[in-house]
Amino acid sequence: MVDSIQKEIESRKTFAIISHPDAGKTTITEQLLLFGGAIRSAGTVKGKKSGKFATSDWMEIEKQRGISVTSSVMQFDFDHYRINILDTPGHQDFSEDTYRTLMAVDSAVMVIDSAKGIEPQTMKLFKVCRMRGIPIFTFINKLDRPGRDPMDLISELEEVLEIGAYPMNWPIGMGKELVGNVDRYNHRIEQYRYEDEADRFIPLTDKNELLGDHAVKESTYFDQAMEEINLLDEAGNEFNQEAIAKGELTPVFFGSALANFGVENFLSTFVDFAPSPQPRKTEEGNLVNPTDEKFSGFIFKIQANMNKAHRDRIAFVRICSGSFEKGMNVYLTRTGKSIKLNNSTQFMADSQEIVSHAVSGDIIGLYDTGNYQIGDTITMGDKNLHFESMPQFTPELFMRVSAKNVMKQKHFHKGVEQLVQEGAIQLYKSWHAGDYMLGAVGQLQFEVFEHRMNNEYNSEIIMEPMGKKMARWIKPEDADEKLASNRNMLVRDRYDNPVFLFENEFALRWFTDKNPDVELFELI
């Protein structure tokens, strides 16, 4: 029985896909689902005119705008492995959701636009992966369009991100001149255009020679690609599986998600080298091993209204140890309460299936009636177990918010409460009156909030911009309204902790100079 569960755990591959917006992250997710047999055809985020949308973009506003603004979870089987994909929002305004998602995975796939190279959001998310020691696999996308020189892209990867790169394949041409990839790992050429599946791959000799007559040889880029392969063999990084596991070396794949070129080859190689479920840190710095007998997991995401018909609320759980069985009793360690897990689900974006069994590495959803919070630990073992805390960002933009129709206050308060609990936006209240204020990292968060309040909670709202503020927390014993002024507002966060909202850096420095004994704190 133990050996059986251990084999199950070793078969899990749980990873996030990260990128700058428009690099093709959601499109490659669709293709991976296609190869896993989870969908019949791939929709793309550009599918507004055809009415065909990406499977992982389930929220109405995502379909309207053609962007991902929330993390999606998808599961499928491929080559004897159980794959859990977490598709993250690329937009920087939703990076907090992405950060939390990265805590729930064992590796990450970084998608890069071949024409643009490393972009700001890619760099930001890469640094989080590096900080957490997450192995990173790189897919350089849009090879079917004109792009930058492959050698330049590899150099930029190594210099800007300060990581070693090992190209697993190498393009023969690009854009209209694209004829294929040299697959270094499997010693073969993958043709871009072919009439029969049997002609898709052409074997290479051990000396990287292509024997016989093949159309690919007629390309002016063939000899150049083979010369560059020889240069990489002689002067490039060596393939090192240990360095990959430590996040010190990234395997690089070239391809086109939209043209479905190089994606299957990437997936079949990825599952060979991506790590199985890894140990998880607790707040005390201890490690919980995936093969530990007692079930444990943590909640990294809460999402309301994935099913409009039922107005459901789902808590996403990363299983960290043991196995989940439907109907089991667990402790919610934050409250000490015992909860029976009867209603649980696994995901295919907005499609859900009841799950009766899952193991370490899997992502399951628990139907939530208000019991859970982001960062909660659930376990069958130690009641004092707490996995390391979830990151929370210090907001920079603020809005006053109120219900447009005072007769619909119930809808308004329910919507605010549930959307704030998802962690996409932060709630603050004025010190005495308790008027609502929202804090966010980016403007798009407010737009999504307003859209969802109107569409999901039937609550029209009035939003009044407060502009940029610098939020700083203080100890409860230091909360004194006399310290507030027109340049620093005293408010409460959703947990009633006192917070000062400063107008600018000057106001913050002035306050610090005048009140040296008041300690100020900020989030990430």
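Ile 172 sits in strand S7 (residues 169-172), which is joined to strand S8 (residues 180-183) by 4 bridges, the two running antiparallel. Strands pair here if DSSP finds at least two bridges between them. Strands (E, at least two residues) and helices (H or I, at least four) are DSSP runs, numbered from the N terminus.

This is a predicted model, in which local features need pLDDT of at least 70 and side-chain atom pairs count only at pLDDT 80 or more, while totals for chains, interfaces and linings use all residues. Residues are numbered from 1 along each chain as its sequence is written, and side-chain values use heavy atoms, with hydrogens and water left out.

S7 is covered on both faces: Asn 169 and Pro 171 are buried on one side, and Trp 170 and Ile 172 are buried on the other. Buried means under 20% relative accessible area, exposed over 50%, and partly exposed in between (1.4 Å probe, protein chains only).

## The chain as a whole

The protein chain has 12 helices and 30 strands. Of its 524 residues, 55% are buried. Among contacts (heavy atoms within 4.5 Å) between residues at least 6 apart in sequence, 69% join residues at least 24 apart.

Phe 316 belongs to strand S15 (residues 313-321) and is buried, with a relative accessible area of 1%.

An open sheet of 7 strands, with antiparallel pairing, has the order S27-S24-S26-S25-S29-S30-S28. Strands S27 (461-468) and S28 (470-473) stand at the edges with a single partner each, so one side of each has no neighbour in the sheet. From one strand to the next, the twist averages 35°. Within the sheet, S25 and strand S26 (residues 436-440) pair in the antiparallel sense over 4 bridges, and Leu 427 stands opposite Leu 438 in S26.

Two helices lie across these strands. H10 lies across strand S24 (397-403), S25, S26 and S27, running at about 150° to S24. Helix H12 (residues 505-514) lies across S28, strand S29 (488-493) and strand S30 (498-502), at about 125° to S30. Angles run from 0 to 180 degrees between N-to-C directions, with axes fitted to C-alpha atoms, for helices over the stretch in contact.

## Pockets and cavities

Helix H4 (95-102), helix H10 (409-421) and strand S25 (426-430) each give two or more residues to the lining, and S25 gives the largest share, 3 residues. By class, the lining has 11 nonpolar, 11 polar and 8 charged residues. Ala, Val, Leu, Ile, Met, Phe, Trp, Tyr, Cys and Pro count as nonpolar, Asp, Glu, Lys and Arg as charged, and the others, Gly among them, as polar.

The second largest pocket holds about 450 Å³ of space. Its lining has 18 residues, of which Arg 132, Gly 133, Gln 278, Pro 279 and Arg 280 lie nearest the centre; they divide into 11 nonpolar, 2 polar and 5 charged. On a 1 Å grid over the protein atoms alone, a pocket is an open set of points with protein on both sides within 12 Å along at least five of seven lines, a cavity is a set where a 1.4 Å probe fits but cannot get out, and lining residues have an atom within 4 Å of a point. Points are joined across faces, edges and corners, and a volume is the space filled by probe spheres set on them.

There are 2 cavities of 30 Å³ or more. The second largest cavity has about 30 Å³ of space and 10 lining residues, with Glu 96, Gln 426, Ala 440, Val 441 and Gln 445 nearest its centre. Its lining has 5 nonpolar, 4 polar and 1 charged residues.

## A covered helix and positive phi angles

Helix H2 (residues 25-35) is mostly covered, with 9 of its 11 residues buried; among them are Lys 25, Glu 30 and Leu 33. Just after H2, Gly 37 takes a positive phi of about 75°.

Where do residues other than glycine have positive phi? Asp 79, with phi near 50°, lies in the loop between strand S2 (72-78) and strand S3 (81-87) and is partly exposed at 43% relative accessible area. His 187 has a phi of about 50°, lies in the loop between S8 and strand S9 (188-191), and is partly exposed at 35% relative accessibility.
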